[in-house]
Amino acid sequence: MSMAMAPSEPRQRSTEELVAEFDQERPARKLSPGVSAAVSAVCASLSVFALYAIFFPVAKGTQYYLAIFLAGTLPLIFLTHRGTVRVPALLLPWRRGDRTTAAGRTAVRHDNPGWIDWLLAAAALAVCIYPLLEFDAFIERRQLPTALDTAVGIVIILLVLEACRRTTGWVLPAFCATFLLYAYYGGLLPYDWSLAHGGFDVDAIAAHFFMGTDGVYGVPLNVAGTYIVLFTIFGAVLDISGAGKFFIDLSFAAFRGSRSAPGRTVTAAGFLLGTVSGSGTATAVSLGSVAWPVLRRAGYSKEQGGGVLAAAGIGAILSPPTLGAAAFIIAEYLKESYLTVLLYALVPTLLYYLGILLAVEIDARKHHAQPVVAEERTSALRLLGRFGYHFLPLFMIVGFMAMGLPPFKAVVYATALQFVLSFLDPRHRMTPQRLYAALAEGSRSVLPVVATCAAAGIIVAVVSQTGLGLNLASVIVDAAGVFGDNATTELVLTVLFAAVSVSVLGLAVPVTASFIIAAVIIAPALLSLGVATHEAYMFIFYYAVLSEVSPPTAMAAAASAAITGGNPMRTMVATWKYSLPAFLVPFAFVLTDNGSQLLGKGSLSGVVWTTAVSAVAVAALAAATGGRLFGPAGPAVRALCAVAALCLLYLEPAAITAGFAALALAVGVRLVRRRQHTHTVPAAGEDRPVETISEGKLSS
């Protein structure tokens, strides 16, 4: 009996294949066991070295340490991340695991590195070791580099850009290349242009970027080699020892399966840990290592999840009681106590986190996030009683830093404490194998961040070498007077251009340096227009901090993207959306006299009403950016909400009245349209199902 052959069902692709298809700009390899073991051994050694250097610093200084660190990480990037997407199959017949299409023309991407990757890794190792051979002589030649120094400097710049391309895509390397071209050709600009400079030849550029402390071995790489790597090790130990499972279970139990529970949990945790850490990047990394799995299961995309993590983490530098090093400089400039500066930051911090919470709530509904609950619905109190000790390392980080211990040592001590506490749970005790895995994973997770930070160092070097930041800030501030003599217009434009200037400065220099430069250049312009001193300095401080979440060099977002596996640039944009209230609230400080009450200046009643109005403005802003106001909001409603937010933040009676009127109109329009479409509302039985995950799989 003949039978017609049914068409074969299309094969369901695995998760790895889906990642391979859609994750074009971060194609991390899944290595074969032998190569993976070798990479893990190097990564574990790097983690041990980073931990050792905290207590026994390298005698020859930070640059020597960073040279060793880069020598260990840069070659690994070429081995663990692909350089191409597809290659002709006929050119690679000897490659194990090759598969061709029906036409036999293309091969899928391979897990193991090819000979070009090994060659690049060897070259990276050679150029990174070069400064270590005769380090003292290498430093002494900084002003008069040899031909070999220049050649090695060019090679390491190209390798860093290629490593960055492999891990983040083309945008950041292209941005760096533009800065390099400016450094070389800027001398050809007309002499009377503000952006013109004397010009630098290849020798000067290579020496400055490779042999100095502003380029490849600058502050960004120092952050990656100290803060980030130690916190990724801490996060790996937390996860492997069962803390990740506990935090997820506890969040589910506490919020009872709310669809926005994961986002709210991350936001609250970022605030609690960030108030004492003073490091946005470290907070985002430590949170992300345990919180990303629950965000992913709730339906957050890689970029959305990374944006929530980075936005929650950056509040570390905005939140009392630390605020970062720049806060001490503010106190010195103002001749006031540090406690006063902390009070200045209190209300803006509350508004910042209010904006994140509202954005999380809106996104949870807009993108149909699924409630994620555990099958075994253990009460939160029971979980705390049995596994609450997992909070101790986090509290100890807080306690150690409150006692004045450096964050580097604080996180190491907390990691050691978590290692000891893991033996309270026989299922997750840190055996030698698990400890080795945690050390390897800690360094491997930081590889994409190293590439991003090393590339960002190129931008730092160009700005410091050419004076671009100072020149551009001056141009922007002077441009405000071109548009008219009206005092209000001139103030608004000056403040707007000042915000842009500080953001540009922040692309290339750390927060403290950015604040100092802006305080010298931009603050006098604001003061001349009647802005109070403390208002001007706090405005500059906030924009100096917010440069850390501004593309293309937002390290907190890049670190979060490394954890989630998302595209760094899109993660930076998502972070910017979540942190948007922090970009607008500082304008309220300086545009009106009432704005100073947001900094605690004035009567208690004044502080209360300005805070309440600003909170409504933040809510309107969240509705405008999130596209929801009692349901999906159309363009007209979103535009009205945006107008309302801007008017309400201009804390004068007429503007506030207009803002509330615009918001009332937006609500009215939305309710009318909602009533017109009530027949489209699904029945109660058509609700989206709740995703159920067994507790045994939560830590997977």
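This is a predicted model: local features need pLDDT of at least 70, side-chain atom pairs count only at pLDDT 80 or more; totals for chains, interfaces and linings use all residues.
Let me begin with tyrosine 353, which is buried at a relative accessible area of 6%, where buried means under 20% relative accessible area, exposed over 50% and partly exposed in between, with a 1.4 Å probe and protein chains only. Residues are numbered from 1 along each chain as its sequence is written, and side-chain values use heavy atoms, with hydrogens and water left out.

Now to the aromatic rings. Rings of Phe, Tyr and Trp (its six-membered ring) pair if their centres lie within 6.5 Å, and planes under 30 degrees apart count as stacked, over 60 as edge-to-face and the rest as tilted. By this rule there are 20 aromatic pairs. Tyrosine 352 and tyrosine 353 make an edge-to-face pair, with 5.3 Å centre to centre and 80° between the planes, and tyrosine 352 is buried too, at a relative accessible area of 2%. Tyrosine 52 and phenylalanine 56, by contrast, are stacked, with 5.0 Å between centres and 25° between the planes, and tyrosine 52 is partly exposed, its relative accessible area being 48%. One aromatic cluster is formed by Phe539, Tyr543, Trp576, Phe583 and Phe587.

What about the chain as a whole? Its secondary structure comes to 31 helices and four strands, taken as DSSP runs numbered from the N terminus, helices being H or I of at least four residues and strands E of at least two. Buried residues make up 53% of the 700 residues in the protein chain.

Helix H2, residues 33-55, has 23 residues and reaches 34 Å from its first C-alpha to its last, close to the 33 Å expected, the expected span being 1.5 Å times one less than the number of residues. Among the buried residues of H2 are Val35, Val39, Cys43, Leu46 and Ala50.

Finally, the cores, each a set of buried Ala, Val, Leu, Ile, Met, Phe, Trp, Tyr and Cys residues joined through side-chain atoms within 4.5 Å. In the largest nonpolar core, of 85 residues, Leu70, Leu74, Ile156 and Tyr217 touch the most other members. Apart from that core lies another, of 84 residues, including Val347, Ala498, Met538 and Val549. Setting aside neighbours within four places in sequence, leucine 74 is in contact (heavy atoms within 4.5 Å) with Ala124, Cys128, Leu159, Val160 and Ala163.
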